[in-house]
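Good morning, and thank you for coming. I would like to walk you through one structure, and I ask you to keep it in view as I speak.

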Amino acid sequence: MNIKKYIIISAALSVLVSAYGCKDPGPSDMMTLPVPADLVLTYQEDEEFGACLLFTWSPVEEADHYYVSLNDAADSSKVAEVESVAESGVLFQGVEGGLTYFCRVRAVNGYEYSDFASSEAAFVPAPPEPEEPETPEEPEDPGTDPENPDTPGDEPEDPGTDPENPETPENQEDAGII
């Protein structure tokens, strides 16, 4: 069973990481190592760290370490870099969602190194918006008039009273009172 080891880069992605104190060798005539191959950049979700990107590649036999960078695909800017990693994989934890990324890697051995190899881009979905709890609607009081909540709407009106003068009965002539 071949188990690959990965270096894990945590949430402080903007910080540069250096395990061996080596820097990107830059351009030179010393590009003699083979370019890393079989690059894979995979999005993963972690309960503790959220969005993660796992970047792996096939080891280069002559390399003693690798230079790796995580880049924003929109403008190719570096989001994080690992200046020296011996493993053939890096897990970037806590990456920002809603963006597309790609990685670059080069093999290094002393003053010799390979050209850069770039991965395919991988999209990291934005985290879901937290759901707001629904506030239950208050039930309408069946005994109130919806247009005027201070006035009862379902109570029957007394047919014997004048609404303008409640003490004087309506139609007193018809009732035989006058």
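Let me begin with a question: is E81 buried or exposed? E81 is buried, with a relative accessible area of 9%; it counts as buried because that value is under 20%. Please bear in mind throughout that this is a predicted model.

The side chain of E81 has a partner. It meets the side chain of K78 in a salt bridge, with 3.1 Å from N to O. K78, for its part, is partly exposed, at a relative accessible area of 49%. As a general point, side chains of opposite charge can pair when their charged atoms come close. The count for the model comes to one salt bridge.

The largest nonpolar core has 24 residues, and the members that touch the most others are L53, Y66, V68 and F92. Two or more residues of this core come from each of β3 (50-58), β4 (65-72), β5 (78-85), β6 (89-93), β7 (99-109) and β10 (122-124).

What of the cysteines? C52 is buried, at 2% relative accessibility, and C103 is buried as well, with a relative accessible area of 0%. The count of disulfides is zero.

Where does S114 lie? S114 is found in the loop between β8 (112-113) and β9 (117-118). S114 is buried, and its relative accessible area is 0%. Beyond its neighbours within four places in sequence, S114 is in contact with M31, L33, P34, V35, P36, R106 and A107.

S58 is partly exposed, with a relative accessible area of 22%. Leaving out residues up to four places away in sequence, S58 touches P36, A37 and D38. With D38 there is a polar contact of 2.5 Å between the two side chains. S58 and L39 stand 19 residues apart in sequence, yet their C-alpha atoms are 7.2 Å apart in space.

Finally, a word on confidence. The average pLDDT of the chain is 77, and 61% of the residues score at least 70. Over residues 1-6 the pLDDT is below 50, and this stretch has 10 contacts in the model beyond near neighbours in sequence.

Thank you for your attention.

Methods. Residues are numbered from 1 along each chain as its sequence is written. This is a predicted model: local features need pLDDT of at least 70, side-chain atom pairs count only at pLDDT 80 or more; totals for chains, interfaces and linings use all residues. Side-chain values use heavy atoms; hydrogens and water are left out. A salt bridge is a side-chain nitrogen of Lys or Arg within 4 Å of a carboxyl oxygen of Asp or Glu. Buried means under 20% relative accessible area, exposed over 50%, partly exposed in between (1.4 Å probe, protein chains only). A nonpolar core is a set of buried Ala, Val, Leu, Ile, Met, Phe, Trp, Tyr and Cys residues joined through side-chain atoms within 4.5 Å. Helices (H or I, at least four residues) and strands (E, at least two) are DSSP runs, numbered from the N terminus. A disulfide is a pair of cysteine sulfur atoms within 2.5 Å. pLDDT is the predictor's confidence in each residue, from 0 to 100. Contact means heavy atoms within 4.5 Å. A polar contact is a pair of N or O atoms within 3.5 Å; within protein, one must be able to donate a hydrogen and the other to accept it, and residues adjacent in sequence count only if both atoms are side-chain atoms.
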